[in-house]
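Hi there,

Here is the structure I promised to pass on to you.

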Amino acid sequence: MSRFNGKVAMVTGAASGIGRACALRLAEDGADLFIADINADLLADTAATIEGMGREVVQHVFDVSDGESCREAVATLLGKYNRLDILCNIAGIAGAKHLADISDEDWRRMTAINLDSVFYLCQAAMPHLLASKGNIVNMASTAGLVGQAYNAPYCATKGAVVMMSKALAMEFAAQGVRVNAVCPGGVKTPLTDAFTFPDNVDMNLISKLMPLTGDMCEPEQIADAVAFLAAESSSFITGVALPIDGGQVIG
Ligand SMILES: NC(=O)c1ccc[n+]([C@@H]2O[C@H](COP(=O)([O-])OP(=O)(O)OC[C@H]3O[C@@H](n4cnc5c(N)ncnc54)[C@H](O)[C@@H]3O)[C@@H](O)[C@H]2O)c1
């Protein structure tokens with residue numbers, strides 16, 4: 001028996017990077033998957049890989065920032081599997097700017113995709129997680145634990161994801177639903193490949209230090225931690241915000 005046999009997991013952001021790695025790890029370890037993303041082509045590729053492992057997979061293309069679409073997605077999942085054990089909220093965006101250059105639209109897009117989505121999906125999924133005694137793993141960041149220059153909206157959303165996770169962990173602990181967050185430092189994904197700082201930044205304010213290796217990690221190293229938190233072996237762990245950052249935010 002693999003550790004997720006008989007379990008159904010929903011993973012957002014599963015078309016790319018960390019979300020894709022998480023979906024594949026859960027499938028490798030026996031889960032059936034409901035994978036979601038706004039990028040249909042890449043999501044289909046993740047689905048094909050999961051099918052190749054002999055697991056059930058449903059792919060659902062939607063915008064996680066829209067509440068009604070989130071509720072529809074969870075309803076579609078229940079229609080197919082009739083249970084939900086693990087929710088992994090991984091979809092997200094990044095982007096650095098000087099404070100003065102952040103438009104209202106920039107702020108709303110970042111908060112809608114990185115934060116609103118987590119609220120909508122936790123809310124829609126909770127009745128089904130209560131039924132299965134399941135759990136949630138939310139994607140935060142070291143940007144949710146320490147300040148990062150030129151990154152105010154991103155830090156705000158990830159800090160909020162940390163605290164939402166802790167609040168829900170408290171609210172539902174006695175009913176057997178665990179809620180945890182992971183806080184990666186740098187991870188080699190298309191998001192970091194495309195990441196640029198604006199002109200005229202003070203590089204002294206930007207910490208790149210990852211003492212363990214001096215480099216970013218692979219998405220599979222984040223997936224290992226997500227799977228650990230989602231599994232029965234961490235049944236006494238809830239409300240943590242776990243840094244996975246090569247020591248970047250020690251102390
Ligand atoms: N890469 C890093 O260094 C790093 C570090 C800390 C936290 N994170 C977080 O990890 C998560 C995944 O990042 P990644 O590096 O794998 O990036 P990525 O760009 O490779 O993957 C993000 C996925 O989210 C999807 N997505 C974006 N907006 C969406 C929307 N509105 N609706 C549905 N799907 C949407 C994208 O299509 C993409 O497939 C993000 O929440 C990010 O903030 C990343």
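Below is what turned up, grouped by region.

First, some ground rules. This is a predicted model, in which local features need pLDDT of at least 70 and side-chain atom pairs count only at pLDDT 80 or more, while totals for chains, interfaces and linings use all residues. Residues are numbered from 1 along each chain as its sequence is written. Helices (H or I, at least four residues) and strands (E, at least two) are DSSP runs, numbered from the N terminus.

Let's start with helix H4, residues 104-132. Helix H4 has 29 residues and reaches 40 Å from its first C-alpha to its last, close to the 42 Å expected at 1.5 Å a residue; the expected span is 1.5 Å times one less than the number of residues. H4 bends by about 45° at Met126, and the proline Pro127 follows within four residues. The bend is the angle between axes fitted to the seven residues ending at a position and the seven starting there.

Just after H4 comes Lys133, with a positive phi of about 55°. Lys133 is found in the loop between H4 and strand E5 (135-139). Asn82, in the loop between helix H3 (67-81) and strand E4 (86-89), also has a positive phi, near 65°. For background, most residues other than glycine have a negative phi.

Asn82 counts as exposed because it has 10 C-beta neighbours inside 10 Å, and Lys133 counts as exposed because it has 12.

Now for the inside. A nonpolar core is a set of buried Ala, Val, Leu, Ile, Met, Phe, Trp, Tyr and Cys residues joined through C-beta atoms within 7 Å. The largest one has 66 residues, of which Val11, Leu26, Leu33 and Val226 touch the most other members. H4 gives the largest share of this core, 9 residues.

Val226 touches Cys22, Cys88, Val137 and Val182, leaving out residues up to four places away in sequence; contact means C-beta atoms, placed from the backbone, within 7 Å. Val226 is one of the buried residues of H7, including also Pro219, Ile222 and Leu229. The buried residues of H7 pack against H1, E4, E5, strand E6 (178-184) and strand E7 (241-244). The 12 residues of H7 (219-230) should span 16 Å at 1.5 Å a residue, and the end C-alpha atoms are 16 Å apart, which agrees.

Ile50 lies in helix H2 (residues 40-52) and counts as buried because it has 25 C-beta neighbours inside 10 Å. Val58, in strand E3 (residues 57-61), is partly exposed, with 19 other C-beta atoms within 10 Å. Val58 touches Phe34, Leu77 and Lys80, not counting residues up to four places away in sequence.

Finally, the ligand. Which residues are the closest to it? Among the 27 residues that surround the ligand, the closest are Ser16, Gly17, Gly92, Thr189 and Leu191; a residue is near the ligand if its C-beta atom, placed from the backbone, lies within 6 Å of it. Helix H1 (17-28) and helix H6 (190-193) are the elements that give two or more residues to this shell.

Happy exploring!

Methods. Buried ≥ 20, exposed ≤ 12 C-beta atoms within 10 Å, placed from the backbone. Contact = placed C-beta atoms within 7 Å.
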